[in-house]
Structure formats: C-alpha cells, structure tokens
Amino acid sequence: MPLPLPLYLLALAVFAMGTSEFMLAGLLPDLARDLGVSVGAAGALTSAFAVGMVIGAPLMAVLARGRSGRSGLLGFVLVFLAAHVAGALTSSFGVLLASRVVAALANAGFLALALTTATAMVPADRTARALAVLLGGTTVATVVGVPGGALLGAHAGWRAAFWAVAVLCVPAALGILRGVPAAEPSPEGPSLRAEFGVLREPGLARVLVLAALVNAATFGSFTFLAPVVTGPAGLTSSWVSAALMLFGAGSFAGVTAAGRLGDRHPARVLAVGGPLLLVGWVALAALADRPAVLPALLFVQGALSFAVGGTLIARILYEAAGAPALAGAYATAALNVGAVVGPLLAATVLGRPTGPFLLSAGLVAAALAFAAVSGSRRGGPASRC
C-alpha cells in the first residue's frame with residue numbers, strides 16, 4: 001500500500017526549509033560584502049537559526065496545540081515564506097537577522113507538527129517509513145538544495161537564493177491546503193503539564209540523549225568537510241560541493257533504508273548501525289589523506305548517520321506517545337541541540353584537519369556507552385530503545 005500523498009507534500013516543505021537552514025554556508029562572503037559586515041558577524045545568521053530551532057520547537061508546538069494539523073502547518077509555511085521575502089528585500093543586517101530567527105521558529109514549529117501529523121496518517125507499523133519520507137526532504141536538501149542555492153547565489157546574488165526558497169514554499173503551502181486533512185483533533189487529551197511530564201520518563205530521556213549525541217557527531221563533521229577535502233585529501237575547492245553531495249546522497253539512502261527496517265527491527269538497526277558508525281568516523285580520520293577512498297567513506301557515513309538518526313527519531317515519537325502534541329517538538333529539539341553543539345565542539349579541534357572526525361567518533365562512542373549503561377539499568381539489552 002503506497003504512503004499517503006500529503007506526506008510527500010510535507011516533505012516538499014521540509015526540503016525548502018532544509019535548504020534555507022544550510023544554504024548560508026555558501027552565501028556568507030557575498031552577503032557580508034553586500035550588507036557591510038564581517039564574515040564572522042554574518043555567521044551569526046547560522047547560529048541564530050539553529051538556536052531558534054531549539055527554542056522554537058516546544059514553544060511553537062504549544063502555540064499550535066489544539067489547532068488542526070492543516071491550519072498549523074499552513075500557518076508555519078506562510079510565516080516561513082514571509083520571513084524569506086523580508087530577508088530578500090532588506091538592506092539591513094539587523095532585519096535579516098530577525099528574519100532568520102522568525103524563519104527558524106516557523107521551521108521548528110512546522111517540523112514538530114509535521115512529525116506528529118505524519119505518524120497520524122499511517123498505521124503504527126508504518127511510522128518509520130512515513131518519517132523516512134519526511135526526513136528525506138532534509139537529506140535531499142543537502143544533495144540538491146544546498147549546492148543549488150550556493151550556485152544560484154554565486155551567479156545571481158545571495159538574495160536570489162532567498163527568493164528561490166520563498167517560491168518553493170508556494171506549492172508546499174498549496175499542497176498542504178489541498179492535501180492535509182482539515183479535521184480538528186479531539187479536544188480530549190492529556191493536559192499540557194502531563195505532556196511536559198513525559199520528559200521525566202527514563203525511556204524518553206534516554207533516546208533524546210542518544211539522538212542529540214548522534215546528530216552532534218553528524219553535523220560536527222558535515223560542517224567542516226571542506227578543510228579535509230582541501231587539506232589532507234589534497235583536492236581542489238571544486239571538490240567540496242561534490243563531497244557534500246556524496247554525504248547527502250548517502251544520507252538519503254540511509255534514511256530510506258531506516259524507513260524500511262525501522263518499523264520491524266529498530267533495535268537491530270541501532271545495534272548494528274551504532275558500532276559501524278563509530279568505526280566509520282575513525283576510518284575517515286585515519287584515511288582522510290587518501291582521495292581514492294574518501295568519497296566512498298563519506299557516502300557510507302552519510303548513510304549510517306541518517307539510518308541511526310532516523311531510527312532514533314522514530315523511537316522518540318514512540319516513547320513520547322503520552323505527549324501527542326509535543327512529541328514532534330521533543331524530537332525536533334533533540335536533533336537541533338545536536339546540530340548546534342556538534343559544530344561548536346568541532347570548531348575547537350580544527351587545529352587538526354581530521355579533528356572533527358575524531359570528535360564525531362568520540363560522540364558516537366559516548367552514545368554507545370550511554371546506551372549500554374542505561375540499557376542495563378533498565379534491565380534490558382543495551383541495544384533496546
């Protein structure tokens with residue numbers, strides 16, 4: 001049985017938002033020159049977006065609580081679109097910074113609501129597949145959207161990339177309006193206090209920590225692939241986009257595979273994928289100076305990172321079943337805590353070009369150790385989530 005069409009419409013919006021989140025990496029120099037600020041100051045745009053995602057996930061989920069999935073999703077997409085129009089038109093760095101915060105809040109609210117909406121559209125035994133389609137929007141953004149945004153910015157200016165994201169939001173909004181059911185959720189359900197109280201449950205807290213650690217490892221290395229490609233690997237800067245696309249292509253393959261296996265064998269995916277992920281980061285650190293093997297390793301690590309990460313997202317939603325309105329917000333916040341912390345930690349080890357890979361290995365090792373210890377305390381196998 002095919003998955004519902006609205007899932008793919010939600011994935012289109014996630015693609016647009018994922019492109020926006022990551023595209024600034026290739027636009028900062030041009031943007032900084034145009035607005036008369038330093039590249040370092042322009043980098044605050046990325047930090048502001050990430051912090052807005054972490055804070056915005058629970059905040060926006062609370063504000064959207066009690067609304068239909070369609071009205072909430074549509075509202076977030078329209079706010080996201082408006083923020084990019086404002087960003088494309090402004091000549092003020094302060095206004096652009098504010099627009100990025102607003103866009104991040106809308107992105108966080110949309111993703112939190114989309115995660116819970118997606119799982120409600122399918123039977124319980126197809127949850128992982130539904131989430132794979134949704135998260136596939138993010139992975140496609142790293143393969144196509146981010147390099148495409150950088151290319152568009154290089155030829156038509158950074159504002160063109162902002163306009164492109166705004167344009168992508170239009171079919172996503174129309175699709176949500178026509179495809180997502182308008183039925184209001186049942187007014188009966190757990191109180192807000194009860195939904196926040198779910199965070200005290202050991203099973204949920206455990207998988208939130210694991211998801212944050214794995215995602216920190218992923219984005220810590222993904223953010224600083226360029227110094228490895230042009231440093232130890234000895235390749236030209238033109239290979240940086242190819243390396244990012246290979247990692248993104250692996251990510252798409254991994255999240256797709258996790259979608260097919262995660263519903264039936266989540267513990268097996270984590271038990272096998274977790275140790276392989278650790279070995280892969282160590283291998284990348286050791287073999288980064290060999291351009292012949294680097295592309296294959298990047299593809300494999302992208303696949304493993306998102307296979308494990310995607311399965312953990314599904315487990316968060318499972319463990320947070322007692323918080324139907326906030327479950328997606330918890331998953332979104334855990335992912336973005338990792339996306340903020342990982343690059344910050346990786347930046348401290350850039351004195352060694354392969355330092356981010358070693359850091360990622362350490363973060364995954366910490367996740368495996370935490371899973372083993374917390375699993376034994378729960379009286380079950382370490383791999384169980």
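Arg100 lies in helix α6, where helices (H or I, at least four residues) are DSSP runs numbered from the N terminus. The structure is a predicted model, in which local features need pLDDT of at least 70 and side-chain atom pairs count only at pLDDT 80 or more, while totals for chains, interfaces and linings use all residues. Residues are numbered from 1 along each chain as its sequence is written, and side-chain values use heavy atoms, with hydrogens and water left out.

Arg100 has a relative accessibility of 1% and therefore counts as buried; the term buried applies under 20% relative accessible area, exposed over 50%, and partly exposed in between, with a 1.4 Å probe and protein chains only. The side chain of Arg100 is joined to that of Ser20 by a polar contact of 2.9 Å. A polar contact here is a pair of N or O atoms within 3.5 Å; within protein, one must be able to donate a hydrogen and the other to accept it, and residues adjacent in sequence count only if both atoms are side-chain atoms. With neighbours within four places in sequence left aside, Arg100 is in contact with Ser20, Glu21, Leu24, Leu45, Phe49, His84 and Phe162, contact meaning heavy atoms within 4.5 Å.

Helix α1 (residues 5-23) and helix α6 (residues 93-120) pack at an angle of about 150°, and their axes are 11 Å apart. The angle makes α1 roughly antiparallel to α6. For reference, axes are lines fitted to C-alpha atoms, for helices over the stretch in contact, and angles run from 0 to 180 degrees between N-to-C directions. Angles under 35 degrees count as roughly parallel, over 145 as roughly antiparallel, 65 to 115 as roughly perpendicular and the rest as oblique. The crossing of α1 past α6 is left-handed, a label used if the near helix is turned anticlockwise from the far one by less than a right angle, with right-handed used if clockwise.

Ala, Val, Leu, Ile, Met, Phe, Trp, Tyr, Cys and Pro count as nonpolar, Asp, Glu, Lys and Arg as charged, and the others, Gly among them, as polar. Gly18 is also placed in α1 and is buried, with a relative accessible area of 4%. The C-alpha atoms of Gly18 and Ala50 are 12 Å from each other, with the two residues 32 apart along the chain.

Attention now turns to helix α14. Helix α10 (residues 202-223) packs with α14 at an angle of about 155°, the axes being 9 Å apart. That arrangement makes α10 roughly antiparallel to α14, and the crossing of the pair is left-handed. From α10, the contact draws on Gly203, Leu204, Val207, Leu208, Leu210, Ala211, Val214 and Thr218; from α14, it draws on Ser305, Phe306, Val308, Gly309, Leu312, Arg315, Ile316 and Glu319. These residues comprise 10 nonpolar, four polar and two charged.

Ser305, in helix α14, counts as buried at 3% relative accessibility. A polar atom of the Ser305 side chain lies 2.7 Å from the backbone oxygen of Gln301. Apart from neighbours within four places in sequence, Ser305 is in contact with Val214, Thr218, Phe247, Leu277 and Trp281. Leu304, also found in α14, is buried with a relative accessible area of 16%. Beyond neighbours within four places in sequence, Leu304 is in contact with Gly273, Leu276 and Leu277.

Ile313, Ile316 and Leu317 of α14 make the contact with Ala327, Gly328, Tyr330, Ala331, Ala334 and Leu335 of α15. The classes here are eight nonpolar, one polar and no charged residues.

Key:
Helices (H or I, at least four residues) and strands (E, at least two) are DSSP runs, numbered from the N terminus.
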